[in-house]
Amino acid sequence: MAVDHGQVEVAAAWARVRHNLRASAGQRVFDRWLKPMELVAPDEDGVVRLTLPSAFMTDWVRNHYAERLTHEFRAQLPQVRDVVVETASALQARIVPPAALPESKPAPVATPAPIAFAAAVPQRAPAERPAFDPRYRFDRFVVSASNRVAFNAAKALAEPGVPRFSPLFLHSGTGLGKTHLMHAIGHAFLDADPAASAVYLPAERFMFEFVAAMRARDTHGFKARLRGVDLLMIDDLQFVAGKDATQEECLHTINAFMDAGKRVVIACDRSPALLEGIDPRLLSRLGGGLVADIKLPETDLRHAILAAKLAEVPGIVVPGDVLDLLAGRIRGSVRELEGALNRLIAYASLTGDTIDMAFAHATLGEMLAGPAKRVTIDDIQRAVSVHFEVKQLDLISARRAQAIARPRQVAMYLAKQLTTRSLPEIGRKFGNRDHSTVIHAVRRIEELRGVDREIDSAVRTLLRSLEG
């Protein structure tokens with residue numbers, strides 16, 4: 001049997017990554033969360049896939065180590081585009097045998113030769129079968145009055161036959177279920193018609209691929225790839241605001257789908273009427289379909305979401321009064337609510353403590369309190385500069401020294417937590433940085449809070465100061 005050199009190369013890199021993670025995370029965290037990860041034999045060019053035995057563990061590792069895993073792999077193999085963490089039960093794939101992943105001594109670092117992650121496997125066009133998240137299906141979406149119209153519209157659009165309406169425009173604040181519904185549409189549509197094809201693109205990726213096609217003088221190929229599928233889904237449309245060429249292509253693409261009687265789903269953080277910097281022709285086309293919003297979850301829905309989440313983690317006991325506390329105090333996004341429950345369970349599993357009211361207050365203090373006053377980004381920058389003893393101007397400067405970069409990341413994280421500003425707006429307040437820099441900062445601080453007591457203490461102190 002021929003040796004798959006690409007697989008061997010990735011397996012060797014994974015051994016070194018595991019060694020580095022064990023050293024940096026500590027034995028306890030590594031054994032509980034990172035050691036169970038298994039490497040899947042690569043099946044896409046430049047994509048490394050890792051699996052975990054439960055959805056809960058998958059969520060925790062994604063939230064705390066996704067960026068670190070990508071960084072570690074790219075340090076070993078620059079060809080790596082992305083690292084995907086999935087639940088093993090939801091993924092039918094080959095697992096690299098444990099024997100290929102030595103636990104003791106890492107393999108010596110060698111200059112990696114160019115590798116083909118799937119050299120022996122015929123490649124399928126990525127646009128035809130997106131990797132829809134296995135957790136996001138209709139039967140796992142908790143329905144109530146606040147999201148029923150959007151849920152029913154999504155199910156209707158996914159049904160086979162002539163679509164009753166198109167486009168479907170879903171809008172809500174962050175973390176309320178738009179992306180869940182889009183992935184559920186994809187699953188249901190392709191399950192009902194396995195011969196059909198679909199494409200799911202965040203608006204940023206649509207823009208990136210379109211610009212890359214223009215530079216390569218291959219816009220025809222870009223158009224053919226998108227317009228040849230049966231279902232088009234574009235997420236986070238607000239990120240193309242002000243990008244005239246991208247909007248023009250987006251409009252032409254949607255028009256082509258409409259003319260062909262195909263399905264289009266668009267998701268955004270606000271309704272078409274409130275979008276700024278978007279071509280009026282595009283707004284008119286989007287508003288001509290079905291516009292459905294998802295409102296903040298009411299108390300009954302928050303209880304139902306917590307119950308559904310707990311059902312996925314057998315053996316974990318959370319008392320009713322603690323669930324009442326979470327449902328009553330955390331009234332923002334579903335993601336925030338689930339994150340609070342995940343944090344309780346994770347901290348309890350790491351410390352061995354019993355989950356009760358005292359533990360919940362000690363673990364989720366700042367999340368349960370909620371902001372008592374309106375906090376501005378200027379307020380946050382002043383507080384962070386005082387706490388870390390740096391100049392406020394340094395936080396918006398181009399300086400990248402660690403002594404400046406880490407406080408800047410903390411300030412961006414706090415701006416995301418305590419203000420209603422969008423990611424691009426936060427980036428502009430920190431020296432006109434791109435919103436992707438803000439995303440990186442937020443994820444990095446979230447990760448550090450789980451493993452670095454000094455950072456976690458600083459964030460807690462700053463939260464108390466700013467919210468008081």
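Let me start with a definition: helices (H or I, at least four residues) and strands (E, at least two) are DSSP runs, numbered from the N terminus.

Before going on, a word about what we are looking at. This is a predicted model, where local features need pLDDT of at least 70, side-chain atom pairs count only at pLDDT 80 or more, and totals for chains, interfaces and linings use all residues. Residues are numbered from 1 along each chain as its sequence is written, and side-chain values use heavy atoms, with hydrogens and water left out.

Now back to Ala88. We call a residue buried under 20% relative accessible area, exposed over 50%, and partly exposed in between (1.4 Å probe, protein chains only). Ala88 has a relative accessible area of 30%, so it is partly exposed. Which residues does Ala88 touch, leaving aside neighbours within four places in sequence? They are Thr51 and Leu52, where contact means heavy atoms within 4.5 Å. Val40 is 48 residues from Ala88 along the chain, and their C-alpha atoms are separated by 9.5 Å.

Let's step back to the whole chain. The protein chain has 19 helices and 8 strands. Of its 468 residues, 48% are buried. If you take the contacts with a separation of 6 or more, 76% of them join residues 24 or more positions apart.

Next, some helices. The 13 residues of helix α6 (residues 203–215) should span 18 Å at 1.5 Å a residue, and the end C-alpha atoms are 18 Å apart, which agrees. The expected span here is 1.5 Å times one less than the number of residues. Which residues of α6 are buried? They are Ala203, Phe206, Met207, Glu209, Phe210 and Ala213. The buried residues of α6 pack against β5 (198–202), α7 (219–227), β6 (231–235) and α8 (244–259). After α6 comes Arg217, with a positive phi near 55 degrees.

Just after α12, Gly352 takes a positive phi of about 80 degrees.

His187 lies in helix α5 (residues 178–192) and, at 11% relative accessibility, counts as buried. Beyond four places in sequence, His187 touches Phe132, Asp133, Pro134, Tyr136 and Arg137. Val442 is in helix α18, and it is buried too, at 10% relative accessibility. Among the residues that Val442 touches beyond four places in sequence are Met412 and Tyr413. Gln409 is 33 residues from Val442 in sequence, yet 6.9 Å away in space, C-alpha to C-alpha.

Now for a few backbone details. Most residues other than glycine have a negative phi, and most peptide bonds are trans. Asp236 is not a glycine, yet has a positive phi of about 55 degrees. Asp236 is in the loop between β6 and α8 and is partly exposed, at 27% relative accessibility. Glu389 also has a positive phi of about 55 degrees without being a glycine. As for peptide bonds, the one from Ser166 to Pro167 is cis, with omega near 5 degrees. Pro167 is in the loop between α4 and β4 (168–171).

Last, the cysteines. A disulfide is a covalent bond between the sulfur atoms of two cysteines, and the search looked for a pair of cysteine sulfur atoms within 2.5 Å. How many disulfides does a search of the whole structure find? It finds 0. Cys250 is buried, at 3% relative accessibility, and Cys268 is buried, at 0%.
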